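Please look over the sequence and the model before reading on.

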Amino acid sequence: MSEVLGRFRPTHIVRSIEGVTPEALEASGLGDIDAIAVDSDGTGTDYHAEFIEDSVRETYMTLARAGIRLYVVTNSYNARVDTLRGMYEHSELGMKVITPEMVSGGDNPKKYRKPKSDMLELIQQEVGSRVLMIGDQMMKDVWSANKAGAPSVLLPRRGEGDDPNVRRFQRPVELRLRQRLHLPIEDSDYPEFVTAA
């Protein structure tokens with residue numbers, strides 16, 4: 001049972017993306033990472049948001065100025081990908097958006113969505129070194145990082161929005177997982193800055 005639970009255990013936790021700073025990464029043992037892969041909806045923005053809050057934008061800019069390469073890893077497809085590329089890739093942030101279609105090789109892209117680790121492995125190949133995955137879902141973001149042998153940061157879902165199926169089926173299971181793994185339950189129980197889990 002502990003092996004199954006281990007699939008979903010993050011290496012680190014934080015209350016919000018704003019708590020991911022170069023100093024906090026160094027202090028929590030993540031000072032050697034060269035790239036960060038960030039989930040989009042629920043992590044850096046509310047579900048299907050079309051803008052990035054100023055505090056989040058400043059966090060990304062600070063990390064980039066510290067020499068960390070930044071990526072967005074998303075299970076989204078179709079029009080949502082175009083929106084994300086406009087927000088991240090074609091903005092002053094310059095964060096490359098990685099999608100299942102980019103790793104599918106002509107196969108059905110939906111088969112390559114997280115928790116598959118292919119998108120994260122693509123980034124690992126591109127940067128050739130240690131990549132950190134940040135996300136709000138244990139069963140997708142954290143599990144994909146663990147499959148890729150990458151460190152991960154779990155944070156509470158940002159905003160009120162959520163995919164209806166995730167809210168109905170996945171969130172209750174993740175609540176139980178957090179309890180079993182002795183991880184914070186309430187948002188306010190997460191540390192302000194990145195901390196080892």
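In what follows, Ala, Val, Leu, Ile, Met, Phe, Trp, Tyr, Cys and Pro count as nonpolar, Asp, Glu, Lys and Arg as charged, and the others, Gly among them, as polar. The model is predicted.

**Packing of H7 and H8**

- Two packed helices are described by the angle between their axes and the distance between the axes.
- Helix H7 covers residues 138–148 and helix H8 covers residues 164–180; the two pack at an angle of about 60°, and their axes are 10 Å apart.
- H7 and H8 are therefore oblique to each other.
- On the H7 side, Met138, Met139 and Lys140 make the contact, and they meet Val166, Gln170, Val173, Glu174, Leu177 and Arg178 in H8.
- Sorted by class, this contact of H7 with H8 has five nonpolar, one polar and three charged residues.

**The largest pocket**

- The largest pocket holds about 470 Å³ of space.
- Its lining is formed by 23 residues, and Tyr47, Asn75, Ser76, Arg113 and Asp163 are the closest to the centre.
- H8 gives the most to this lining, with three residues.
- The lining of the largest pocket has eleven charged, nine polar and three nonpolar residues.

**The second largest pocket**

- The second largest pocket holds about 280 Å³ of space.
- There are 14 residues in its lining, and Pro156, Arg157, Arg178, Ile185 and Asp187 lie nearest the centre.
- H8 supplies the largest share of this lining, four residues.
- By class, the lining of the second largest pocket has seven nonpolar, seven charged and no polar residues.

Methods: Residues are numbered from 1 along each chain as its sequence is written. This is a predicted model: local features need pLDDT of at least 70, side-chain atom pairs count only at pLDDT 80 or more; totals for chains, interfaces and linings use all residues. Side-chain values use heavy atoms; hydrogens and water are left out. Axes are lines fitted to C-alpha atoms, for helices over the stretch in contact, and angles run from 0 to 180 degrees between N-to-C directions. Angles under 35 degrees count as roughly parallel, over 145 as roughly antiparallel, 65 to 115 as roughly perpendicular and the rest as oblique. Contact means heavy atoms within 4.5 Å. On a 1 Å grid over the protein atoms alone, a cavity is a set of points where a 1.4 Å probe fits but cannot get out, and a pocket is an open set with protein on both sides within 12 Å along at least five of seven lines; lining residues have an atom within 4 Å of a point. Grid points are joined across faces, edges and corners, and a volume is the space filled by probe spheres set on the points.
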